[in-house]
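Subject: Structure handover

Hi,

Here is the structure I promised to pass on.

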Amino acid sequence: MTFSEFRADYFSRWQKRLVIECWCVFILIAVLSLAFSFHYYANNLIEKSRLDCYFWFELVIPIVLQLFSMILMQIVMHSKRVTLKYKNRWAVITMFVIMSVLSLFHCRYEVLFICPFLAVLVAAMLSDKHLHWALSAVALAVFFLESCLWFFCFSEISNFEKIARLLLEVVILLGFFLLSLECYHLQNVHIKFLYKSYSRQRRFVRELRLEPLTRLYNRTAYAIAINNSIKNFDPSKNVLFQVLMDLDNFKYVNDKYGHSGGDAVLIFLSDLLKRVLGSGRLAFRYGGDEFVILFRDKNVAEVICIIEQIREEFNEAVFDFMDDGDRCSMSIGIAMYQQGWTSQKWFNAADAAAYEAKSKGKNRYEVFHGEF
């Protein structure tokens, strides 16, 4: 799993929990609103002249607005055209709408003024900088609006006490905002730490799969790659080729020019493979003087063309430590994967083709056409 996949999975699970929490908060608010309304009505705590106003503006309209935002969120969550990032944003925005509607339509209770800032805190935990600042600005505007409504529409207390309570609310909201900033920075630090740890681990794993001398993939990486290729093979969509390259008379090179000469030949071949095959290569040093290449989604003519270029350039290479008459060459076996083959059977097919190339004079390729 890559770091991007890990982060997407983490935020996907986080998003599902947030959606559930939004529904729980909405249901709780609706139930409490109905319960308070019944209590006020049963005990004649609301003047009859204000019943219609209370019914519409503190019960029906808030619940309808919140329910509409919840339904809209569910539509977005089930849409395949919306990315995970925007689904997360929509979930946070829905929570913000629920809290803002609650505080605006029930602004007689100034303690509810802090509710929209709970969504700002969630946006910070999501580590979404743009959403965090946008919701902070809107939450501030909502706070100003509900403060005005509360200050001018409710006269049970003196203006001095109203101002004192508002100042207290401002201090609490400032604390919430500073807390959200700390959450945002802390989340970013954690994400950066996880990414650095993941990158170090990935480099370490990659080093374990590289052969030190040639810097090609080693036999462990080969086993993983070939098993994955077989596992994901679909005969209707792709074609797989395995190419085994066996250097001719490599023992002679080592005996005559020493292991340093043999190493120079191996390094030259690995550099040649990297240059010809490019960055997406699946090239392996299988062992000793044997190299393997895996090709995906190429036909046999394309594979042969690439292999011939490698063989010719390798054969034409001039090494300053070799005598004029000495040249390096390779015998190559090509085997197309047949459905049902094991990894060993596939390798044996390429090995058989390489052996045939050696028996026919070396410095050539052969394609496996036989059966086991």
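Below is what I found, from the whole chain down to single residues.

Please keep in mind that this is a predicted model.

Overall shape first. The C-alpha trace spans about 110 × 40 × 25 Å along the principal axes of the chain. The chain has 35 Å, whereas a compact globule of 372 residues would have a value near 21 Å.

Next, the make-up of the fold. The chain holds 10 helices and 5 strands. Of its 372 residues, 43% are buried. The accessible surface is about 21,400 Å². Carbon and sulfur atoms account for 62% of that surface. I also looked at contacts between residues at least 6 apart in sequence. Of these, 69% join residues at least 24 apart.

Helix 5 covers residues 129–153, and helix 6 covers residues 159–208. Their axes are 12 Å apart and meet at an angle of about 170 degrees. An angle over 145 degrees counts as roughly antiparallel, so helix 5 is roughly antiparallel to helix 6.

Which residues of helix 5 and helix 6 make the contact? Helix 5 contributes Lys129, His132, Trp133, Ser136, Phe143, Ser147, Trp150 and Phe151. From helix 6 come, among them, Asn159, Lys162, Ile163, Arg165, Leu166 and Glu169. Further along helix 6, the contact includes Val170, Leu173, Phe177, Ser180, Leu181 and Tyr184. Sorted by class, the contact of helix 5 with helix 6 has 11 nonpolar, 5 polar and 4 charged residues.

Last, two backbone details. Most residues other than glycine have a negative phi. Two residues are worth a look here.

- Ser127 is not a glycine, yet has a positive phi of about 60 degrees. Ser127 sits in the loop between helix 4 (115–125) and helix 5.
- Asp297 also has a positive phi, near 60 degrees, and is a residue other than glycine. Asp297 lies in the loop between strand 3 (290–296) and helix 9 (300–316).

Is Ser127 buried or exposed? The relative accessible area of Ser127 is 12%. The cut-off for buried is under 20%, so Ser127 is buried. And Asp297, buried or exposed? Asp297 has 54% relative accessibility. Exposed means over 50%, so Asp297 counts as exposed.

Over to you.

Best wishes

Conventions. Residues are numbered from 1 along each chain as its sequence is written. This is a predicted model: local features need pLDDT of at least 70, side-chain atom pairs count only at pLDDT 80 or more; totals for chains, interfaces and linings use all residues. Side-chain values use heavy atoms; hydrogens and water are left out. Axes are lines fitted to C-alpha atoms, for helices over the stretch in contact, and angles run from 0 to 180 degrees between N-to-C directions. Helices (H or I, at least four residues) and strands (E, at least two) are DSSP runs, numbered from the N terminus. Angles under 35 degrees count as roughly parallel, over 145 as roughly antiparallel, 65 to 115 as roughly perpendicular and the rest as oblique. Contact means heavy atoms within 4.5 Å. Ala, Val, Leu, Ile, Met, Phe, Trp, Tyr, Cys and Pro count as nonpolar, Asp, Glu, Lys and Arg as charged, and the others, Gly among them, as polar. The radius of gyration is taken over C-alpha atoms; the globule rule is 2.2 Å times the number of residues to the power 0.38. Buried means under 20% relative accessible area, exposed over 50%, partly exposed in between (1.4 Å probe, protein chains only). Accessible areas come from the Shrake-Rupley method with a 1.4 Å probe; for residues, only the protein chains shown count as cover.
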